Amino acid sequence: KVSTIYNGCKDIKFYKKEFKDNKKKKLIIIGRIAYPKNGLRLLKSLKLFHQKHNFLPKVEWAGRIDSSRSKSNKIYNAMKIFLEENPIVCKNFKFIGEVKEIEDLYKNADGLISVSIFEGLPYVICEAMFSGCPVLASNISDNGIILGENSERGFLCNPLSIQSICGGLENLIFSPEEKLLDMTIKSRTFAEDNFSLQKMLNSYKNLIRE
């Protein structure tokens with residue numbers, strides 16, 4: 001027998017957003033700075049976005065540096081070099097370290113970026129869906145099921161393609177406010193139905209009883 005039981009997530013308050021103008025939007029990344037998080041391709045996609053549209057959203061990355069693995073160190077160093085060589089991207093991109101008041105990040109951001117090359121079920125996506133923060137995620141693992149293949153609850157991209165990540169950023173930034181609000185409401189409903197702690201506990205109980 002095979003069962004899928006999603007992570008249980010603390011019920012985060014839902015914030016109905018008033019989205020900023022496109023050129024003033026702020027996006028967040030939450031998670032350790034590590035090889036699987038695909039940071040260098042993300043930076044390159046931001047450069048491509050600027051080349052196409054002549055502006056960049058503000059992007060903040062909250063999380064610790066994973067210095068315990070050589071691949072992660074190499075990626076982080078490559079990202080720093082890329083930022084030094086691309087001042088426009090550097091001006092609009094910031095590492096902010098670990099953050100305790102995580103709900104404030106979701107509340108104040110116009111979108112969450114999660115373009116990892118591999119994951120289980122990203123907890124930050126669950127939190128963002130609870131909070132009303134639109135999501136751009138890589139089309140890996142169950143992300144397509146969670147967000148919906150037709151952008152019902154979030155946007156998907158190919159994490160190995162800079163062009164695809166850039167396209168996802170365009171969707172996140174240029175979509176009409178009405179579409180984004182509808183997306184966040186559907187995301188909240190899906191999160192309540194699938195990611196609550198009680199739902200997880202009940203699923204394990206039912207699995208054991210079977």
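## Two buried rings, Tyr-6 and Phe-195

Let's start inside this predicted model. Tyr-6 and Phe-195 are both buried. Their rings form an aromatic pair, with 5.5 Å from centre to centre and 80° between the planes, which makes the pair edge-to-face. What makes this pair handy for finding your way around is that it links distant parts of the chain. Tyr-6 belongs to the segment before strand 1 (26-30), while Phe-195 sits in the loop between helix 8 (177-194) and helix 9 (197-209), and the two are 189 residues apart.

Phe-195 also pairs with Phe-190. Here the ring centres are 5.7 Å apart and the planes meet at 70°; an angle over 60 degrees counts as edge-to-face, so this pair gets that label.

## Other rings, and charges over them

How many aromatic pairs are there by this rule? The count comes to 8. Elsewhere, ring pairs join Trp-61, Tyr-76, Phe-93 and Phe-95 into a cluster.

Go back to Phe-190 and you'll find the charged end of Arg-153 over its ring, 4.2 Å from the centre. Tyr-35 has a charged end over its ring too: that of Lys-71, 4.5 Å from the ring centre.

## Helix 1 alongside helix 2

Now for a pair of helices. The axes of helix 1 (residues 39-53) and helix 2 (residues 70-85) come within 9 Å of each other and cross at roughly 20°. Angles under 35 degrees count as roughly parallel, so helix 1 is roughly parallel to helix 2.

Is the crossing left-handed or right-handed? Helix 1 passes helix 2 in a left-handed crossing. On the helix 1 side, the contact is made by Gly-39, Leu-40, Leu-43, Lys-44 and Lys-47. Helix 2 brings Ala-78, Met-79, Phe-82 and Leu-83 to it.

One more tyrosine to look at: Tyr-123, which lies in helix 5 (residues 123-131).

Take Asn-7: Tyr-123 is 116 residues from Asn-7 in sequence, yet in space the two are 7.3 Å apart, C-alpha to C-alpha.

How values were computed: Residues numbered from 1 in each chain as written. Predicted model: local features only at pLDDT ≥ 70, side-chain atom pairs only at ≥ 80, totals over all residues. Heavy atoms only, no water. Phe/Tyr/Trp six-rings, centres within 6.5 Å; stacked < 30°, edge-to-face > 60°. Helix = DSSP H or I, 4+ residues; strand = E, 2+ residues; numbered from the N terminus. Buried < 20%, exposed > 50% of the residue type's maximum accessible area, 1.4 Å probe, protein only. Lys NZ or Arg CZ within 6 Å of the ring centre and 35° of its normal. Axes fitted to C-alpha atoms, helices over the stretch in contact; angles between N-to-C directions. Parallel < 35°, antiparallel > 145°, perpendicular 65-115°, else oblique. Left-handed = near helix turned anticlockwise from the far one by under 90°. Contact = heavy atoms within 4.5 Å.
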